[in-house]
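Please open the structure in the viewer and keep the sequence at hand.

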Amino acid sequence: MLPTALLIPPVTTMEVKRFNMMDQPIRIGIVGSRSAAEFHFEAYQPSVTVDVEVVGVTSTTEEHREKFAKEQGIIAFSSLDETLPEVDVIDNCTPGTMFK
């Protein structure tokens, strides 16, 4: 059993919003446009504790990038360099072999 000092009471959505110092949503850019990207995109919809917005996607495969962007109603960026100035966070949804 955890000591009483380590038990944290549940936080309500109202408390989270009160402590959220950002006036704008956190802008997310997804790298990769296959199944992991689809799963992650859905996980951001809707986020009740943090205001987030998936801005766009980039992928080395133009066909998949354009299709994913069109299906989700977001921007298809042609490169990571093009994506970075428009987002606050990058969500890397590329295959593990691409991480090197």
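Begin with the chain as a cartoon and read along the sequence: the pattern is α-β-α-β-α-β-α-β. The secondary structure comes to 4 helices and 4 strands; helices (H or I, at least four residues) and strands (E, at least two) are DSSP runs, numbered from the N terminus. The model is predicted: local features need pLDDT of at least 70 and side-chain atom pairs count only at pLDDT 80 or more, while totals for chains, interfaces and linings use all residues. Residues are numbered from 1 along each chain as its sequence is written, and side-chain values use heavy atoms, with hydrogens and water left out.

**The whole chain**

Display the surface next. The chain exposes about 7400 Å², of which carbon and sulfur atoms supply 59%; such areas come from the Shrake-Rupley method with a 1.4 Å probe, and for residues only the protein chains shown count as cover. Of the 100 residues in the chain, 24% are buried, a term for under 20% relative accessible area, with exposed meaning over 50% and partly exposed in between (1.4 Å probe, protein chains only).

**The aromatic pair**

Phe 41 and Phe 68 form it, edge-to-face, at 6.1 Å centre to centre and 85° between the planes. Phe 41 belongs to helix α2 (residues 35–43) and Phe 68 to helix α3 (residues 62–72), so the pair links distant parts of the chain, 27 residues apart. Rings of Phe, Tyr and Trp (its six-membered ring) pair if their centres lie within 6.5 Å; planes under 30 degrees apart count as stacked, over 60 as edge-to-face and the rest as tilted. Phe 41 is buried, at 7% relative accessible area, and Phe 68 is buried at 2%.

**Arg 65**

Stay in helix α3 and select Arg 65. Is Arg 65 buried or exposed? Arg 65 counts as buried because its relative accessibility is 7%. Leaving aside neighbours within four places in sequence, Arg 65 is in contact (heavy atoms within 4.5 Å) with Ser 33, Val 57, Thr 58, Ser 59, Ala 76, Phe 77 and Ser 78.

**Contacts across the chain**

Among contacts between residues at least 6 apart in sequence, 64% join residues at least 24 apart.
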